[in-house]
Each structure stands twice: as structure tokens, then as C-alpha cells.
Amino acid sequence: MTFAVTTTHYLVLSFLLFTIGVFGIAARKNMITVLMSIELVLNSVNLNLIAFSYQLSDLTGQIFAVFTITVAAGEAAVGLGILISLFRLRETTTLDRAAELKG
Amino acid sequence: MDFLTAHGADLLFYLFAALALAGAIGVVTMRSPMYGAISLLLTFLAVAALFLLRGAEFLGIVQIFVYGGGIMVLFLFVIMLVNLHRLPEIKLFGGTSPLAGVLAVLLLAFFGYFFFQTHFGPGLRQPQNFLTAQGQTLGNSEAVAWGLYTQQLLPFEIASVFLLIAMIGAVVLGRKQ
């Protein structure tokens, strides 16, 4: 059938998620939303790894995805810690307000 | 009925892909971070289902545990802690959003170009290759664990040290001065 799912379908979905995530990182002002967009990007990369793991019949992609999930968990914890610090300092989570280094 | 048995997995792919995309668009466009977090949860669960459809059972469940459980609770906790609904968000998108739009379009064009160039063909998966280690057939979790504890042992240990460092860092950052 014409609509049988192939690796390319997974790659298209993964790249759409990646693009949406990159747009969210670059466009949104709220730091919480930016962190959530980073999680979207990491998820799309995992999808890619799984699709190629299936395509190449090799488990290494799945094992690498385990490490990606580990790093995503650490990144979320530290990022939200930074967010709490920013909120204590500025009473806001808007990234424009954290502009001490701006010349 | 025959149609469903033959193409059920394909139809499920389209269903969960649509859910994942809808959740992702929700994350980027929702004004309230709380609704954004719920959209993100939708994306996480849909992606977990897509992992299952590609034979990664262990990772699908880990995705639900770690993302749907741990990371999502962390996000919701912080959103409730900073109590954002009292803060006026004047504009949804910052001044960089035209630039971000251009970046997104460029990325889409780049990837689209590659999709017109490449053909991967049908999957090469042979179950007997996919799920064996040391000559015996294993389940997916067993096979992943085998890889993690043999070939990838050093990265596995480094990941545990990384998690310890991240935990200490998060505690220090979140501490009261």
C-alpha cells in the first residue's frame, strides 16, 4: 500500500518536531516555555535514533537514546533550578529581564 | 477487518504522529505555561507510543516514566511555584520571532531538500538480528540491558556520575541564599 510507514515517515515527523522546538526556543519569551521546547527537540532526536535503530537492525540507537533521556532529565533539573534562581532575583521568568550582560 | 489487521500499525503511526505534532504546536503557541505543559505531556505520550511501534518497548516505557512522570512533575511543580498567572505576559513572542520564523523555514527547506534526495528503502530489520546477544534470543529490555552493561559500560557509569552532578547542581541552584 502507498501509506505503509517507512523510516522516512519517522524522519519527517522528527524533523517537524525539531523545527517546532527550535522555533519555540528562539521565539518565546517565557523561560519555562523555552525549556519545554528544548525537551521537544531532545524528543525528536530520540525518535530519529529509534527509527534508524529499526532501519539498521541495530540496538545501539536504542542504547544511545537511553543516554539522551538521562541528559534530558539532568538538563531539566538544572534548567529549572536556574529558573527558580532567576525568579528569586527578578520576580519574573521573562528572558528579556535577564539582560545584565547586554552592552 | 482485513484492512485493519494489515494496516493497523500504519494507522496507529498516523494517529500518534498527529497527536505528537498537535502537542508540539500547543507547547509553542499556548499563552499559559500550564496548558503548554499539558500539551507537552501529550507529545511525550504520543512519542512513547511511536517508540513502541518501532520495537523499542523498553524505551517506550522509560519515556513514560522519565518524561511523563519525572520531568513533567518537575515542570508542573515549578510552574505552580512561580505562580505565573499573576504575572502579565505582554507579548507572547519576543522581538526575535521574525528571525525565529526565518530559522524554522530554513530548517524545513534544508530537511525537505534531503528528503527529496534520499531513499532509505524498506527497513532492514530482521528480528533474529535485532534481539540477540551472545547467540541467544532476548527480549527488548534484556537486549538493551546487555548492551548497556557490556559494550556501553563506561558511558553508563559516566551517565550516573552526570546525574549525581546534575542533582547537586539543582539543589545548590534552588537553595535559599
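1. A quick note on terms before anything else: two residues are in contact if their C-beta atoms, placed from the backbone, lie within 7 Å. By that rule, and leaving aside neighbours within four places in sequence, B:Leu53 is in contact with B:Ala9, B:Leu12 and B:Phe13.

2. Ground rules. This is a predicted model, in which local features need pLDDT of at least 70 and side-chain atom pairs count only at pLDDT 80 or more, while totals for chains, interfaces and linings use all residues. Residues are numbered from 1 along each chain as its sequence is written, and chains are lettered from A and ligands numbered from 1 in the order in which they are written.

3. Chain B overall. Seven helices and two strands make up its list of elements; helices (H or I, at least four residues) and strands (E, at least two) are DSSP runs, numbered from the N terminus. The pattern along the sequence is α-α-α-α-α-β-β-α-α. Chain B has 177 residues, of which 25% count as buried; buried is 20 or more other C-beta atoms within 10 Å of a residue's own, exposed is 12 or fewer, and partly exposed is in between, with C-beta atoms placed from the backbone. Of the contacts in chain B between residues at least 6 apart in sequence, 45% join residues at least 24 apart.

4. Domains. Chain B is divided into domain 1 (1-87) and domain 2 (125-177), with bounds that come from an automatic or database domain assignment. Where they touch, domain 1 of chain B gives four residues and domain 2 of chain B gives four residues.

5. The A/B interface. Here 72 residues come from chain B and 64 residues from chain A. On the chain B side, the elements that give two or more residues are H1 (2-29), H2 (33-53), H3 (57-82), H4 (97-117), H5 (127-130), H6 (140-149) and H7 (153-174). That side has 51 nonpolar, 16 polar and five charged residues.

6. H3(A) against H7(B). Two packed helices are described by the angle between their axes and the distance between the axes. Helix H3 of chain A (residues 60-90) and H7(B) pack at about 10°, with axes 8 Å apart; axes are lines fitted to C-alpha atoms, for helices over the stretch in contact, and angles run from 0 to 180 degrees between N-to-C directions. That makes H3(A) roughly parallel to H7(B), given that angles under 35 degrees count as roughly parallel, over 145 as roughly antiparallel, 65 to 115 as roughly perpendicular and the rest as oblique. Among the residues making this contact are A:Phe67, A:Gly74 and A:Gly81 of H3(A), and B:Phe162, B:Ala166 and B:Gly169 of H7(B). By class, there are 13 nonpolar, six polar and no charged residues.

7. H2(A) against H2(B). Helix H2 of chain A (residues 31-56) packs on H2(B) at about 5°, with the axes 11 Å apart, so H2(A) is roughly parallel to H2(B). The residues involved include A:Met36, A:Leu40 and A:Leu47 of H2(A), plus B:Leu40, B:Phe44 and B:Val47 of H2(B).

8. Helix lengths and ends. H2(B) has 21 residues and spans 30 Å from first C-alpha to last, close to the expected 30 Å; the expected span is 1.5 Å times one less than the number of residues. Just after H2(B), B:Gly55 takes a positive phi of about 80°. H3(A), with 31 residues, reaches 44 Å, close to the 45 Å expected, and is followed by A:Glu91, whose phi is positive, near 60°.

9. Worth a click: A:Ser57. Most residues other than glycine have a negative phi. A:Ser57 is not a glycine, yet has a positive phi of about 55°. A:Ser57 is found in the loop between H2 and H3 of chain A and is partly exposed, with 16 other C-beta atoms within 10 Å.

10. Also worth a click: B:Phe120. What does B:Phe120 touch, not counting residues up to four places away in sequence? The partners are A:Thr6, A:Thr7, A:Thr8 and A:Gln55. B:Phe120 is found in the loop between H4 and H5 of chain B, and counts as partly exposed with 15 C-beta neighbours inside 10 Å.

Notes. Ala, Val, Leu, Ile, Met, Phe, Trp, Tyr, Cys and Pro count as nonpolar, Asp, Glu, Lys and Arg as charged, and the others, Gly among them, as polar.
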